[in-house]
Amino acid sequence: MNGTSAVLALAGRGLRAHKARLTLSVVAVVLGVAFISGTLLLTDSLTAGIANLAPRRATTTVRATTTLEEEARPALPADLPARLRRLGGVRAAAGKVLGGVQLKPVTGSVRGPSLGLSWPEDAALSPLELVAGRPPSGGGEAAVSAGFARSDHVGVGDAVQVATGQGTAELRVSGIVRVNGADGAGPASLVVLDLATARELLGVTGYSAVDVLATPDALAAGRLAGLGADRVESVDPRRAVRDDSAGVSSFLQTVAGILRGFGALALVVGSFLIFNTLSMLAALRTRELGLLRVVGATPRQLGLLVVAEAAILGAGASLVGVAVGVGAAAGLLAWLASKEVLPAGLAVRPGTLAFAVAAGTVVAVAASLPAALRAGRTTPLGTLRDGAVAPSRPAAPAVVTVVATACGGGLLLRGSSTADPVLVAAGAGLCLVGAVLGLPLVVRGLAGPLRAAGRRLGISVRLGAENATRNHRRTAATMAALLVGLATIVAAATYTTSWQAATSAALRDSVHADLIVFHASAVGQESTFSPAVAAELREVRGVRQVVEVRTGRARVDGAETTVDAVDPRAVGRVLLLRLRAGGLAGLRDGTVLVSAG
């Protein structure tokens, strides 16, 4: 048996011998990996459902290019499909209109995100299968996805309401469709309209995109440029559908990001537990490690022994965590499907599972490095020790703690005064690092009061105080796990409360309107409605002033920002703008007002 094999064999035996001490570390890694893998799988499954709206036979999708990530793309010319069909190697080309809508029964409410799609022009490039009724014909009809029909109890002949930024229409259900064998487009319901109605409701003059069935080199960049259509590109059909459904996808990514944050927090807390446990084991196994040095083990092999134990622990716990995450994601999707909220079906990608296992293993190995260095410093004379742990000095000098905390506090104050989130995050992180590094100092400072309290409160309290203060570093590591978790929770709660208070104060001090009218939006969709609503509100008795606000996206000096359009003659009556320079009188075509920040 070579040295590496012997080290791995000893690592396995060491884990079996100390399995009780490692239980909490295993549980922490399992929970962290389960959070991460479960949320990744859930997101993959839902986004895969949206991408399922792409025609299976389409080889590429032609669309207009844009420099803005969160803005609708320009429409393609209405004659582009015909021009594409004339290219060599193109066997089929069909234009479509696709975008976010709000769909609900006339007597019901919006229950989730929805997408609007024009009825496919070419059956060869259609992702739809008509399971009841017939395709929509004319402006008063629409087909709906089978999932929406089932969950909202809608059938052929019933009325549904479709709302977009261009207006609201009440349509009669002419048919029910499935999407490439599924009951919907992932978490989104689907309403299918005839081309003219889709263009009217979604505000598209030509097409949103054109699906193409062609040979691989048929749509090279040069051939697309020769069509006379400016700024077009060809992309994978599934990617095109996801981009056109960006509102739904961004909502899913936001929710998944929050859940992945909890998973990362669990792994961080687990890393402290692993560090503490392995450090304790390294101290208690001084005689065992010294004996290994006596029989010929090198310091490198002793360090590798500790790292191997952590790797085995992390990999094993990560595999269990992935299994728990898969089961949790599958169970959640099944429960949501039983409530007719989302379609069932879990999309399991090997890359997602591998990433989750790697994350848990890397965290465990990284947490074991201090213990590995300590084990490597064991001398053969360690066989003469009884394994007792001598009191340790704080791991970080006081000056390091003070400097880290002071720098963090300075950055935090600077970021708060300039409203710079990067400085605030950096300052908070440095303050947290300083607090963690200073915990051994805190433990040493509490040693005297704890021992004094133990002498007065009895032998049990005294023993607990002696054990807690005997090794400052070990106690500080245990406290650090709790500190990081509580700090994260308090920071999130403080941020949420502060943001709500700041928003309320800004609205209270700046907005003088009696009412703000907005369209109730489904998840993942913007709150937009027809400009005709403003004209209707002006006719309501008692309404003295109506100010319209339109919002869009723009790129300024390379960065995306929000742009609001208002009537400068009216906005000052309902909105208090504290202008540092200029005035509303100068706001006209070709000019803008910019924020001081």
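**The whole chain**

Start with everything shown as a cartoon: the protein has 17 helices and 13 strands. Helices (H or I, at least four residues) and strands (E, at least two) are DSSP runs, numbered from the N terminus. This is a predicted model, in which local features need pLDDT of at least 70 and side-chain atom pairs count only at pLDDT 80 or more, while totals for chains, interfaces and linings use all residues. Residues are numbered from 1 along each chain as its sequence is written, and side-chain values use heavy atoms, with hydrogens and water left out.

Of the 597 residues, 40% count as buried (under 20% relative accessible area, with a 1.4 Å probe and protein chains only).

**The four-stranded sheet**

Next, select strands S2, S10, S1 and S11, which form an open antiparallel sheet in that order. S2 (90-96) and S11 (232-235) are the edge strands; each has a single partner strand, so one side of each is left without a neighbour in the sheet. Neighbouring strands here are turned by 25 degrees against each other on average, direction ignored (axes are lines fitted to C-alpha atoms).

Zoom in on S2 and S10 (residues 209-214), which run antiparallel and are joined by six bridges. Two strands pair if DSSP finds at least two bridges between them.

**The cavity**

Which residues line the largest cavity? Select Leu 53, Ala 94, Gly 95, Lys 96, Leu 98, Leu 117, Ser 118, Pro 120, Glu 121, Leu 125, Pro 127 and Asp 211. A cavity is a set of points on a 1 Å grid over the protein atoms alone where a 1.4 Å probe fits but cannot get out; lining residues have an atom within 4 Å of a point. About 90 Å³ of space lies in the largest cavity, the volume being the space filled by probe spheres set on the points. Strand S2 gives the largest share of the lining, three residues. S2 and strand S4 (114-118) each supply at least two lining residues.

**His 472**

Finally, go to His 472, in helix H15 (residues 472-510). Is His 472 buried or exposed? His 472 counts as buried because its relative accessibility is 9%. Gly 445 is 27 residues from His 472 along the chain, and their C-alpha atoms are separated by 9.9 Å.

How values were computed:
Buried < 20%, exposed > 50% of the residue type's maximum accessible area, 1.4 Å probe, protein only. Axes fitted to C-alpha atoms, helices over the stretch in contact; angles between N-to-C directions. 1 Å grid on protein atoms, 1.4 Å probe; cavity = no way out; pocket = protein on both sides within 12 Å on 5 of 7 lines; lining within 4 Å.
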